[in-house]
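Here is a short note for a colleague opening this model for the first time. Please read the points with the structure on screen.

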Amino acid sequence: MLKEIFNIFSFYDEIRWSSLGNYNLINFCNENLDDDTKLLTHWLCYITDRQTSFQRIWDVGGFVLSDLVEQIKKTKSLDALNPESENSFVCKNGNEGFSFISKSKSNGNSVLQNYYGYKSDSRVTFTSRYYPSDYFSIIYTFSILKNYDFSFTKFIIEQFEKHKNSENYIKRILYSLYLITYFEVGQPKKNEMSDFDSNIKKAESRANKVFDILSNNFEENYIKFAKKDIFNQKRAWCSLRDFLKSPEFKKYFTQSLENEGVSAAVINKLTSLESLRQLELPGDVWNNNPIFRSCILKNTEYEESKKSLNVILRDYFDKNKSKLDESYPEQFDVSFDFVPRMCNMKKCDMCPVRIVKMGEYRDFFKTCARNKDLFCTVALINCGYNYDCKGEVCNLLEVLQ
């Protein structure tokens with residue numbers, strides 16, 4: 001039964017990533033940024049992706065953080081993160097608080113001017129919900145990347161070369177990325193951001209610790225991480241996933257690898273089904289929604305499990321991967337779009353999962369037009385995705401027959 005449910009969500013996932021129009025794009029400060037700068041901006045945006053509207057993160061945060069990345073890569077200096085520097089992208093906003101602020105102005109940026117009210121001569125301000133820890137994650141990231149000429153791509157290439165012959169090499173790359181950004185960040189207070197010299201010393205000390213793990217104690221620490229913590233890295237998994245799957249960021253990722261002289265064979269391996277099957281589902285409130293998880297786990301061995309859904313799906317996948325064709329756990333991330341439109345609205349009678357669970361079509365065919373002149377009405381209603389209907393030759397209909 002779970003096999004068919006995997007295939008249903010594989011259908012939605014394939015549609016999700018088929019078009020740029022099915023997800024939010026980053027509003028870069030300019031479109032002439034190199035591919036590595038775009039990748040690093042994307043990684044930094046996900047650092048700030050907590051309890052803040054994702055539209056604001058990509059639209060406003062993307063503008064400011066891409067400007068910051070470009071400046072640091074040009075100057076080869078972390079001075080842009082020094083609140084006391086005239087070149088800083090970090091400014092005080094009263095009550096010992098801080099915000100990130102661009103050097104570039106919003107002139108000509110229609111997103112900022114039309115949707116956020118910025119004037120053409122205005123610099124752009126972005127304050128993330130957890131900016132003290134986000135700031136430290138950012139300064140820690142750059143303190144390590146300076147050893148790679150501030151290239152995110154060069155760091156990823158090094159990690160792949162170290163682990164390409166290991167089982168679960170994608171998970172080992174993920175752990176390496178976790179180390180440079182999220183490892184031992186803790187819960188710093190906003191007043192700690194003022195002492196830049198002290199923060200640089202902390203960053204250098206932490207960088208030495210990270211390099212020691214990467215070079216001398218990697219496998220021992222990775223095994224501990226993989227037992228539990230690997231399932232809790234929502235932001236890291238989302239970003240790495242986009243590099244391998246998103247039609248926008250997969251393009252930047254492959255081009256950046258090519259620019260560093262990486263062979264087509266290596267690029268093909270990194271973006272292969274073998275790699276995608278190693279991605280963990282970013283656990284969140286959507287895929288752990290009680291209505292959703294109760295429905296898909298009912299009458300399975302996991303029905304009474306209290307574990308997070310991403311742990312359950314990994315366990316089922318590892319036991320049954322030979323039967324799952326091209327399906328894999330991360331594809332259930334479409335729950336971000338599916339759950340609010342279907343489960344929360346109690347549209348069970350038109351849901352394809354109900355057909356698998358109950359053997360009843362109910363209102364499903366009132367939503368499935370099977371008309372090649374239209375969008376796929378099921379994907380549009382269930383997830384909000386635009387995709388041309390395939391008529392009767394449809395992967396979803398094949399699963400449901």
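In which helix is S275 found?

1. **S275.** S275 is found in helix α13, residues 273-276. Helices here are DSSP runs of H or I with at least four residues, strands are runs of E with at least two, and both are numbered from the N terminus. S275 has 0% relative accessibility, so it counts as buried. Buried means under 20% relative accessible area, exposed means over 50%, and partly exposed lies in between (1.4 Å probe, protein chains only).

2. **Basis of the note.** This is a predicted model, in which local features need pLDDT of at least 70 and side-chain atom pairs count only at pLDDT 80 or more, while totals for chains, interfaces and linings use all residues. Residues are numbered from 1 along each chain as its sequence is written, and side-chain values use heavy atoms, with hydrogens and water left out.

3. **Surroundings of S275.** A polar atom of the S275 side chain lies 3.1 Å from the backbone oxygen of L270. Leaving aside neighbours within four places in sequence, S275 is in contact with Y169, I170, L244, K269 and L270. Contact means heavy atoms within 4.5 Å.

4. **Helices α10 and α11.** Look next at α10 (residues 234-245) and α11 (residues 249-259). Their axes come within 6 Å and cross at roughly 80°. That makes α10 roughly perpendicular to α11. Angles of 65 to 115 degrees count as roughly perpendicular, under 35 as roughly parallel, over 145 as roughly antiparallel, and the rest as oblique. Axes are lines fitted to C-alpha atoms, for helices over the stretch in contact, and angles run from 0 to 180 degrees between N-to-C directions.

5. **Who makes that contact.** From α10 come D242, F243, L244 and K245. From α11 come F249, K250 and F253. The residues of the contact of α10 with α11 divide into four nonpolar, no polar and three charged. In this count Ala, Val, Leu, Ile, Met, Phe, Trp, Tyr, Cys and Pro are nonpolar, Asp, Glu, Lys and Arg are charged, and the others, Gly among them, are polar.

6. **The buried side of α11.** Which residues of α11 are buried? They are F249, Y252, F253, T254, S256 and L257. The buried residues of α11 pack against α2 (35-47), α6 (152-163), α10 and α12 (264-270). After α11 comes G261, with a positive phi near 85°.

7. **T37 in α2.** Helix α2 holds T37. Is T37 buried or exposed? At 2% relative accessibility, T37 counts as buried. Not counting residues up to four places away in sequence, T37 touches S66, V69, E70 and K73.

8. **The sheet.** Three strands form an open sheet in the order β1-β2-β3, with antiparallel pairing. β1 (90-92) and β3 (123-126) stand at the edges, each with a single partner strand, so one side of each lacks a neighbour in the sheet. Neighbouring strands are turned by 40° against each other on average, direction ignored. Two strands pair if DSSP finds at least two bridges between them.

9. **Bridges.** Three bridges join β1 to β2. β2 (residues 98-105) and β3 also pair over three bridges. F100 in β2 stands opposite V90. In β3, the bridge partner of F100 is F126. K105 stands opposite R123 in β3. Helix α3 (residues 54-75) lies across β2 and β3, running at about 115° to β3.

10. **Q113.** Q113 is found in helix α4, residues 110-115. Q113 is partly exposed, with a relative accessible area of 29%. Beyond residues up to four places away in sequence, Q113 touches S106, N107, G108, Y118 and S120. The C-alpha atoms of Q113 and Y222 are separated by 45 Å, and the two residues are 109 apart along the chain.

11. **Positive phi in loops.** D325 is found in the loop between α15 (309-320) and α16 (335-341). At 53% relative accessibility, D325 counts as exposed. R370 is another residue other than glycine with a positive phi, near 50°. R370 sits in the loop between α18 (364-367) and α19 (377-383). R370 is partly exposed, at 33% relative accessible area.

Terms used. A polar contact is a pair of N or O atoms within 3.5 Å; within protein, one must be able to donate a hydrogen and the other to accept it, and residues adjacent in sequence count only if both atoms are side-chain atoms.
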